[in-house]
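Please read it alongside the sequence and the coordinates.

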Amino acid sequence: MRDEIIVEKIALAIQALDEIDEMIKTQSTELQLIDYELSDLYHLIENNELSDVASVNVVKKIRELRLVRRALSNECSIES
């Protein structure tokens, strides 16, 4: 009985560690994709006259991407 519980908990711990390993492995790619998207938005701002509505939407998207990027950076710090 207890032996089965221990085996189950060990299996769950291994699964969690595998998920963490996958997150670590894909982190740099996700950061790069966000940086590319931010760069695209910066170029949009630089090269186009945007309406007030479009400007607000771009700023909202930049903020959203920055928050995701900050979370990924925090994740990197935790991993270190």
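Helices here are DSSP runs (H or I) of at least four residues, numbered from the N terminus. The model is predicted. Helix H1 covers residues 2–47, and helix H2 covers residues 52–79. The structure holds four salt bridges.

**Helix H2 and its packing**
- The 28 residues of H2 should span 40 Å at 1.5 Å a residue, and the end C-alpha atoms are 41 Å apart, which agrees.
- Val58, Ile62, Leu65, Leu72 and Glu75 of H2 are buried.
- Helix H1 is the element against which the buried residues of H2 pack.

- Ile6, Ile10 and Ile14 make a nonpolar surface patch of about 280 Å².
- Ile10 lies in helix H1 and is partly exposed, with a relative accessible area of 47%.

- Lys25 and Glu22 form a salt bridge, at 3.4 Å from N to O.
- Both residues lie in helix H1, three residues apart, about one turn of the helix.
- Lys25 is exposed at 60% relative accessible area, whereas Glu22 is partly exposed at 39%.

**Salt-bridge network**
- A salt bridge joins the side chains of Lys61 and Glu37 (3.5 Å, N to O).
- Lys61 lies in helix H2 and Glu37 in helix H1, so this pair ties together parts that are 24 residues apart in sequence.
- Lys61 is partly exposed at 27% relative accessibility, as is Glu37 at 33%.
- Glu64 also forms a salt bridge with Lys61, with the closest N and O atoms 3.3 Å apart.
- Through shared partners, salt bridges join Glu37, Lys61 and Glu64 into one network.

Note on methods: Residues are numbered from 1 along each chain as its sequence is written. This is a predicted model: local features need pLDDT of at least 70, side-chain atom pairs count only at pLDDT 80 or more; totals for chains, interfaces and linings use all residues. Side-chain values use heavy atoms; hydrogens and water are left out. Helices (H or I, at least four residues) and strands (E, at least two) are DSSP runs, numbered from the N terminus. The expected span of a helix is 1.5 Å times one less than its number of residues. Buried means under 20% relative accessible area, exposed over 50%, partly exposed in between (1.4 Å probe, protein chains only). Contact means heavy atoms within 4.5 Å. Patches are made of residues with over 30% relative accessible area and no salt bridge: like charges are joined within 9 Å, nonpolar side chains (Val, Leu, Ile, Met, Phe, Trp, Tyr) within 5 Å. Accessible areas come from the Shrake-Rupley method with a 1.4 Å probe; for residues, only the protein chains shown count as cover.
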